[in-house]
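Dear colleague,

I am passing on a structure that I have been looking through, and I would be glad if you could go over it with my notes beside you.

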Amino acid sequence: MSTASTARHAGDPGPDTGPDGHDARGGRLDRTVRSPLGWMLTGLVGVGLVSGLTATGPGPVPVLGAVAAVAVYWLVMRRVARRSTPEIARRGAGREALLGGAIGLGFVLVSALLITAFGGYSFSWAGHGFTAVVWSAVTVQIGAAVTEELLFRGLALQALEQLWGSRAALVITGVFFGVAHLAAPGASAWSALAIALEAGLMLGAAFLWRRNIWFVAGLHFAWNTTEQLLGIPVSGHTSEGLFTVDVRGSAVLTGGGFGLEAAPAPVVLGVLLAVRMFVLARRGGRLLPRRSARRTQAG
């Protein structure tokens with residue numbers, strides 16, 4: 001082959017080269033990574049890795065893990081998804097967290113009160129060190145609440161609603177949230193369904209309503225922390241609390257070894273709250289219809 005012919009063929013676009021001379025394979029890979037499923041999976045791996053390394057660490061490690069998880073989330077959204085992140089804005093974060101926390105606190109207290117009124121629970125002071133117990137509960141639950149909300153609502157829900165709309169994303173993430181709790185001690189098909197309804201749907205609807213991670217993380221944090229301090233198992237996990245709970249009667253009333261979340265009272269209350277927050281989200285024009293999601297993808 002002559003030198004001129006070699007030069008000509010070297011400069012021709014190859015089978016993996018686009019019309020502009022760039023590597024089409026790189027372009028396809030870039031588009032795949034930057035698609036909703038691409039940045040969702042990237043974020044799930046990054047935030048999930050941080051959570052796995054810090055969730056059970058000593059002292060303030062879970063809190064530091066939550067900070068690192070937020071940083072990873074920000075990087076994925078800004079650099080991979082190429083979108084802004086108003087859902088983790090610092091402005092108003094405290095107000096949103098407190099509002100969510102008030103709802104989470106009320107949710108658990110009302111649920112526990114109903115079960116107690118029907119004779120299912122009785123509480124007594126545990127006698128553990130107040131400061132140590134509260135510090136341990138707060139640090140662990142901050143890490144759990146922030147990382148789980150980044151994973152399920154920040155990444156999964158927002159990515160899936162770009163593909164199929166807010167309603168489908170809410171149902172899918174709710175189901176997966178319940179399935180994710182099947183590995184918990186004492187879990188069953190019923191407890192997974194209960195978690196999907198009272199937590200997966202409610203937290204998803206809460207995010208659609210406020211479009212704020214701090215709101216749902218505050219709700220999640222107050223829910224788990226209140227349960228732990230009352231001595232009630234948190235999704236099957238028992239930790240030292242300020243109180244000990246004496247569980248009496250049927251597991252249908254009390255949730256059994258899995259804890260309050262498998263009882264009917266919080267399921268009904270959680271569904272009612274989810275419906276209310278979903279209605280507020282719809283009235284506020286904060287839902288993404290499926291048709292709009294497709295147009296967003298096409299654009």
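Which pattern does the protein follow when it is read along the sequence? In this model, which is predicted, the order is α-α-α-α-α-β-α-α-α-α-β-α-α-α, and the secondary structure comes to twelve helices and two strands.

As for the protein as a whole, 45% of its 299 residues count as buried, and its accessible surface comes to about 14,800 Å², with 66% of that belonging to carbon and sulfur atoms. Among the contacts with a separation of 6 or more, 74% are accounted for by residues 24 or more positions apart.

Two helix pairs follow. Helix α3 (residues 36–54) packs with helix α4 (residues 61–80) at an angle of about 165°, the axes being 9 Å apart; because angles over 145 degrees count as roughly antiparallel, α3 and α4 are therefore roughly antiparallel to each other. Their crossing is right-handed. On the α3 side the contact includes Trp39, Gly43, Gly46 and Val50, while α4 contributes residues including Gly65, Ala68, Ala69 and Val72. By class, the residues of this contact divide into twelve nonpolar, five polar and no charged.

The other pair is helix α6 (residues 130–164) and helix α9 (residues 213–230), whose axes come within 8 Å and cross at roughly 140°, which makes α6 oblique to α9. Here too the passage of α6 by α9 is a right-handed crossing, and the contact of α6 with α9 has 13 nonpolar, six polar and three charged residues.

Key:
Residues are numbered from 1 along each chain as its sequence is written. This is a predicted model: local features need pLDDT of at least 70, side-chain atom pairs count only at pLDDT 80 or more; totals for chains, interfaces and linings use all residues. Side-chain values use heavy atoms; hydrogens and water are left out. Axes are lines fitted to C-alpha atoms, for helices over the stretch in contact, and angles run from 0 to 180 degrees between N-to-C directions. Helices (H or I, at least four residues) and strands (E, at least two) are DSSP runs, numbered from the N terminus. Angles under 35 degrees count as roughly parallel, over 145 as roughly antiparallel, 65 to 115 as roughly perpendicular and the rest as oblique. A crossing is left-handed if the near helix is turned anticlockwise from the far one by less than a right angle, and right-handed if clockwise. Ala, Val, Leu, Ile, Met, Phe, Trp, Tyr, Cys and Pro count as nonpolar, Asp, Glu, Lys and Arg as charged, and the others, Gly among them, as polar. Buried means under 20% relative accessible area, exposed over 50%, partly exposed in between (1.4 Å probe, protein chains only). Contact means heavy atoms within 4.5 Å. Accessible areas come from the Shrake-Rupley method with a 1.4 Å probe; for residues, only the protein chains shown count as cover.
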